[in-house]
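Colleague: I've got a model open and a few things to ask. Can we go through it together?

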Amino acid sequence: MQGDPVAPADDIVVVGSQIRGSSVAAALPVTVVGQEDIAAIGATSGDELLRSIPQLGDVTFNASYLPNSSNAARGDVGSVNLRNLGVGNTLVLLNGRRVVNHPTSRANENLVPVLTVNSNTIPAFGIERLEVLRDGAAAIYGSDAVAGVVNTVLQTDFVGVQMEGQVGFAEDTNLLETNLNLLAGTRLGDRGNITIFASRESRTMMRAADQDYTASDDKSPLFVGTALEGLTLIDGRSTITPWGVFTTRGGVPVRQGSGAAGALVTSAAGVFHIQPTTNGGCTTGVPSNAAICIDDGNNTALGDRNLRFDQTRAYNRTILPKVERYNLFANGNYELTDTLEVFGEAAYYRATTNSIQSSPGTLAAGPIVIPASNYYNPFGAVGSAGRIPGLNTPEGGLDVTLTSYNFSDFGPNIVDVDNEQWRALAGVRFNLFGIDFESAALYSEATVTDTSTGISATLLQRQLGLSTPDAYNPFNGGNLGSPSLADTTLSNQAAIDAIRINTTRRSKATLALVDLKGSKADLLALPAGNLGIAFGIEGRRETQLDDRDPRVDGTIQFRDSVTGFVNPSDLVGTSNSPDTRGSRNVFGAYVEAAVPVISPDMNIPLVNRLEFQLAGRFEHYSDAGSVAKPKIAGAWDVISGIRLRGSYAESFRAPNLEQVNAQLVTRSNTRLDPIRCEAQLRTGAISSFTNCTQSFATTAQRAGNPNLKPEQATNWTAGVVLQPTFLDDAVGRITLTADYWNIKQRDIVGIFGEANALINDYLLRVGGSSDANVIRAAPSADDIALFNGSGIAPVGRVLFVNDQYQNLQPQTVSGWDFGFNWRVRDFGIGKIVANVNAAYLKTYHLTPSPGVQTLIDARAAGTINRDIVIVDGGNLVRQNGKPEWRVSGSLTWSSGPFQVGTFTSYTSDVDDTDGTVNGVPWRVDGRTTINLYGQVEFGDRSRGEGQHRFRIGVRNLTDKQPPLATSGFLGSLYTPYARYWYANLRSTF
């Protein structure tokens, strides 16, 4: 992995400059990953390949991220995040032109939907080289090139047939991968070539039980002997369990016995839950099952922690999905005349994934009333099978609201995701007036079909209303032997089948592009050399469509047959999300110049060579206005072998189509309601905030904003390149590089966030007011009891939080890149090449918005509790997915038919803020891994017998597991397995 590219051939354009054959690229910090590097890494997918580059940040879109809802991208997807600046800030090119985005979004750290190019659409097989420009390049390439550019250059002009097969497995897991690759090419006379390469990858499913750190939602056993031992924050089991929580309609308390003197069965607010009789606090039994009972109130008390649902253990859910992936590429070129050439590209990608996720659960924003007529209703009509004797309820019974419940007897949710992407490009190269021109038309399309099983709220309530044994029974409890596992007291199959449905989300993104580029490396002869120039125009159209299932987008709504309440979502456990569609047209024009100022033959002391790159680009967006950005870069060779280089650039990123066009994005996340924690702390119900259990599924209603402005950035770099050529004869060619970089962004798109809104509501309520964006229910009798004696006015549960995307706080990110390349002199023992690439993150400072700063000040002043976690910005280095150091190194030895290579990767420790206690976060240790391979080649292709290569390798030789985090492991930094073995056979004819 080279810190900088070798000097390009005259007809090659290296990423960062459009001037064909110019040496101006020497002023730019570029990392080049060649075929030998790819072999040492041992990557089988684009995601694995990009993870190996230290300058690439955390991978938030990844295969191990498998939410139970289709509200976020899942399946075979990987994101690109250069400098950890955030998904969407890196421009991804294929053979120098844009790649269509993956059409399904995911919320970033700022809780806004972001889109990425899917790194898995680019296979590790068939790559000539991977170029990473570690510098802002909006002045050359336009929007998104804030952190830099990743350009994949595919093999061309291949002649012959090459077949390759590989099999690999991860030790102590069920993970098995097979790869089949084909590369074929032929000449078209002496004027052209067609090259085709195809790959197929198959991976088995990896299940939770394969590793102890993924086996359970309750991570407590992993933290024995640490500062987190005994704390509830490492118990990730859900309070939405098969042991249902219910509320009588209208909050009517129920008693057993005569009149007001009867014993309360429910709380004063009519709340009750089902539990095993072995738990304390039973108020009455359940006629249908002597082993379960009713207890008053919710199931969140410390004595009921055994009722929390361990979704991961219950279903041995998927950690990495089963994958079938296909990639097909073709490129061709043909010279019609000596000055006219046509060329084209075609690409097709398809991947299908299958995973097993948890059964669906209810949301606070989607209450469903169980009619009194339900056959199993314990408060049903007199004479019904489920009614508890001796109640003070009306003869006709009481309706009951299903407050919190997981439909575990429904079984796990089966998720199938089908990703498809294709690309077609046709172009022409010609020379006119001594200028090399290139023009191409490109169209690309990406689609995702996400299908999963689910439950219809309408069909569910219909089944709940039955007065026969075919009614669905939510009152039968869960697993008596292991209460936190899957339900073993099932409803009858007819009821389950009656409510089961399949839902589908279809997403589509398109990119249409036409460009014309001109380049002349010797436009004018200047005293120091030739003035080079490049210019071009580009027009593109981008579209995005997110077509949600009719039961989610509001087409099929749930109308409660008892109360008349309307929920726009009919899919249990999924928030309402209307369809989103948007499009934009973009026109761009750029100009670039390579200006030599001083050359070696001028014999100027301490200035062996001096040259500059000057560039500027104008772009107009049909929905975001116009921008124009400059760039200047320079390289100063003090003497031969010592080069100083630097650059200044301005960049921008237009808001993506979903941020602009989304009508309503409803999301439900588990959030702490801190005002309730404060009340419990004051009354002595809990000893500290870290033991507060007042976390609930909280619905945020976020809206797109057509008035969003582009995010703006300024970038500058300064570096040195050392090549001590006087050592060439003694030890070989050595290159050392060091570059400092600094990026300042402003107008970053974000939201205040429902977690911050609840903290702000906490702050305002202790002062006697409230946050108008936090919409709450009226306080129930239980709520009033919780606040009694706290001195705080009682509040009800949160119904939803209003929010909107907006241009918010600025951030500054800076760091150092270091590179070392040593091509060892031939001492008769073979060819040896060593590389080291290191990235040091010095600063990642997110300036808090005024609203968040108010919360930080209140925490510092003691107005709100010091243990409250605020997504507050500040210096985020070492937090979560932002390690301070990432280093990779490779060493390759080859002699005759033999080759041995090793690749080492180091990631430094990070702080896991989800494990913060007394202001101190949990430390996730750093990790070093070593990959090793050996290969031998045999056969002679020139004699027609074919050339063969056999390679055997291991990734993570020392079997280092991912470091422990509160979630088990950090999927954005690590893969959920350790040592991985593979064998590869390639034959070329």
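Colleague: Is Q155 buried or exposed?

Modeller: Quick caveat first: this is a predicted model, where local features need pLDDT of at least 70, side-chain atom pairs count only at pLDDT 80 or more, and totals for chains, interfaces and linings use all residues. Residues are numbered from 1 along each chain as its sequence is written, and side-chain values use heavy atoms, with hydrogens and water left out. Buried means under 20% relative accessible area and exposed over 50%, with partly exposed in between (1.4 Å probe, protein chains only). Q155 has a relative accessible area of 14%, so it's buried.

Colleague: Which residues is Q155 in contact with, leaving aside its neighbours within four places in sequence?

Modeller: Contact means heavy atoms within 4.5 Å. Q155 sits in the loop between β7 (148-154) and β8 (160-170); helices (H or I, at least four residues) and strands (E, at least two) are DSSP runs, numbered from the N terminus. Its contacts are Q35, G126, I127, E128, L183, T195, F197 and N331.

Colleague: Why do the buried residues of α5 line one face of the helix?

Modeller: In α5 (residues 457-464), the buried ones are A457, L460, Q461, Q463 and L464. The arc is taken from the directions from the helix axis to the C-beta atoms. Seen down the axis of α5, those buried residues line one face because they fall within an arc of 160°.

Colleague: And what do the buried residues of α5 pack against?

Modeller: One of those buried residues is L460. Packing partners for the buried set are β21 (368-370), β24 (435-455), α6 (493-499) and β27 (558-559).
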